Amino acid sequence: KYLLINNLEQTKFVAQLLITRKVISKSIIEIIECKESIDSKNVVLINAVMKRSYKDFLSFCKCLRVTNQHHLADPLEEATKGYDADIVDITNQADEVADIDNTNLGGEAAGVIDVTNQGDEPA
């Protein structure tokens, strides 16, 4: 993450490419434009991408390549080789559900089924 924050260039252009690929929304660009420092802009973009699916992550890497930032795309893709895209997607979806529960329900997970308890005991 810090490699990207400190080295990502053309943040707005990368973000625009990600919008055309439906990875992020236009509201992310608006947030990016409000930030003063390049590092702050990069943090917003990277955090948005990190909340997306593995497929979207690969789109982000392609956008890095389009903007001649192979030096960033290469280590990212290398680090994720062998990951099962379905597992990564499920993890991201679980994080999104947890965020929704914590935001909308004051931290209480009302109506959420605990699938981690697989025994005969009630959750």
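The questions below concern the nonpolar core and the helices of this predicted model.

Reader: What makes helix 2 and helix 4 count as roughly parallel?

Author: Their axes cross at roughly 25°. Angles under 35 degrees count as roughly parallel, so helix 2 is roughly parallel to helix 4. The two axes come within 10 Å. Helix 2 passes helix 4 in a left-handed crossing.

Reader: Which residues of helix 2 and helix 4 meet?

Author: Thr 11, Val 14, Ala 15 and Leu 18 come from helix 2. They meet Lys 41, Asn 42, Leu 45 and Val 49 of helix 4.

Reader: Why are Leu 18 and Leu 45 called part of a nonpolar core?

Author: Membership takes a buried residue of a listed type, Leu included, joined through side-chain atoms within 4.5 Å. Leu 18 and Leu 45 are in the largest such core, which has 26 residues. With Ile 24, Phe 60 and Leu 64, they touch the most other members. Helix 1 (2-7) and helix 6 (70-79) are among the elements that give two or more residues. Helix 5 gives the most, with six.

Reader: How do you know that Phe 60 has contacts beyond its neighbours in sequence?

Author: Contact means heavy atoms within 4.5 Å. Leaving aside neighbours within four places, Phe 60 is in contact with Leu 4, Val 14, Leu 18, Leu 45, Val 49 and Leu 76. Phe 60 is also one of the buried residues of helix 5.

Reader: What makes the span of helix 5 close to the expected one?

Author: Helix 5 has 13 residues. At 1.5 Å a residue, 18 Å is expected. Its C-alpha span, first to last, reaches 19 Å. Just after helix 5, Asn 68 takes a positive phi of about 55°.

Key:
Residues numbered from 1 in each chain as written. Predicted model: local features only at pLDDT ≥ 70, side-chain atom pairs only at ≥ 80, totals over all residues. Heavy atoms only, no water. Buried < 20%, exposed > 50% of the residue type's maximum accessible area, 1.4 Å probe, protein only. Helix = DSSP H or I, 4+ residues; strand = E, 2+ residues; numbered from the N terminus. Expected span 1.5 Å × (residues − 1). Axes fitted to C-alpha atoms, helices over the stretch in contact; angles between N-to-C directions. Parallel < 35°, antiparallel > 145°, perpendicular 65-115°, else oblique. Left-handed = near helix turned anticlockwise from the far one by under 90°.
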